[in-house]
Amino acid sequence: MQIKINPQRQMNFSAIKNDAYDPHYYGFAARPNGYMPDLKVIKTALLELPDREKSYADIGAGDGRITIPLAKKGYKMTAYELSQRGRNNIKEHAKLSGLSNVIVQEDDILNGPFKQKFDGAFMVHVSQHFTGEELERVTKNVAASLKKGGFFLFDALLEKSRNIEPNNADDIKCGYCHFPLSMIRRFAKWYGFAVANIELYNEEKACRGHYYHNKWGFNMFVGEKVRPVVLKWITLKKL
């Protein structure tokens, strides 16, 4: 039996934007492929874990595009980022924003569980760089890093056809890796998760929103190859 997040619960997203979408912060680390935090991430935090004493892990945190807005909302954030530049930027953003609830770490989730347990974990625009074997390891290690009832929210390119070419070295390097939904469901079951929600990634102004609309809406083009995939949000809940 699946645990469903109620889609009828509404939020005032204008209030979120006014607070979370800080122009000073995003001007500091603007990127060609976008700069806004994904509303799905903010929504899940505010609706599903309203207790601001909860702790979150941001896996593959980049420049803190998810970490900083949630920290501004009062959540205790630990940003895991392998890039020294990214870690430095997150620390600088936290300092400029006067945030004392941000911890920055270098730990790699592929190598094992984190040293502490969290109430939730986000992994945004990261799974597309993993092989199937690596995604299984990540699922296992995140499960071991979450408290009971904790959320694991991530986005993934899901295959829409069985006749799709397997991931190759270019896919891994460029972030085009795709997976069958059955694989993700299998990993979730193996490591003690329930599939809480799966929904279309349709945030046009978010970091990969224009990729979704222009490139990944129905088919993904890599060179002359056409790959039928769709970008979706997946929420797992630790049992």
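Modeller: Start with Thr67: its side chain makes a polar contact with the side chain of Asp58, at 2.7 Å. A polar contact is a pair of N or O atoms within 3.5 Å; within protein, one must be able to donate a hydrogen and the other to accept it, and residues adjacent in sequence count only if both atoms are side-chain atoms.

A word on the source. This is a predicted model, where local features need pLDDT of at least 70 and side-chain atom pairs count only at pLDDT 80 or more, while totals for chains, interfaces and linings use all residues. Residues are numbered from 1 along each chain as its sequence is written, and side-chain values use heavy atoms, with hydrogens and water left out.

Thr67 sits in helix 4, residues 67-72. Helices (H or I, at least four residues) and strands (E, at least two) are DSSP runs, numbered from the N terminus. Thr67 counts as buried because its relative accessibility is 0%. Buried means under 20% relative accessible area, exposed over 50%, and partly exposed in between (1.4 Å probe, protein chains only). Contact means heavy atoms within 4.5 Å. Beyond neighbours within four places in sequence, Thr67 is in contact with Asp58, Ala61, Met77, Ala79, Ile90 and Val102.

Now the cores. A nonpolar core is a set of buried Ala, Val, Leu, Ile, Met, Phe, Trp, Tyr and Cys residues joined through side-chain atoms within 4.5 Å. The largest one holds 31 residues, and Val142 and Phe152 have the most contacts inside it. Strand 5 gives the most to this core, five residues. Setting aside neighbours within four places, Val142 is in contact with Ile59, Ile109, Ala121, Phe152 and Phe193. A second, separate core has 27 residues, including Tyr56 and Ile68.

Next, charge. A salt bridge is a side-chain nitrogen of Lys or Arg within 4 Å of a carboxyl oxygen of Asp or Glu. The whole structure has seven. One of them joins Glu199 and Lys40, 2.9 Å from N to O. Glu199 lies in strand 7 and Lys40 in helix 3 (residues 39-48), so the pair ties together parts 159 residues apart in sequence. Glu199 is partly exposed at 27% relative accessibility. Lys40 is buried, at 4% relative accessible area. Lys54, Asp119 and Lys147 are linked in a network of salt bridges.
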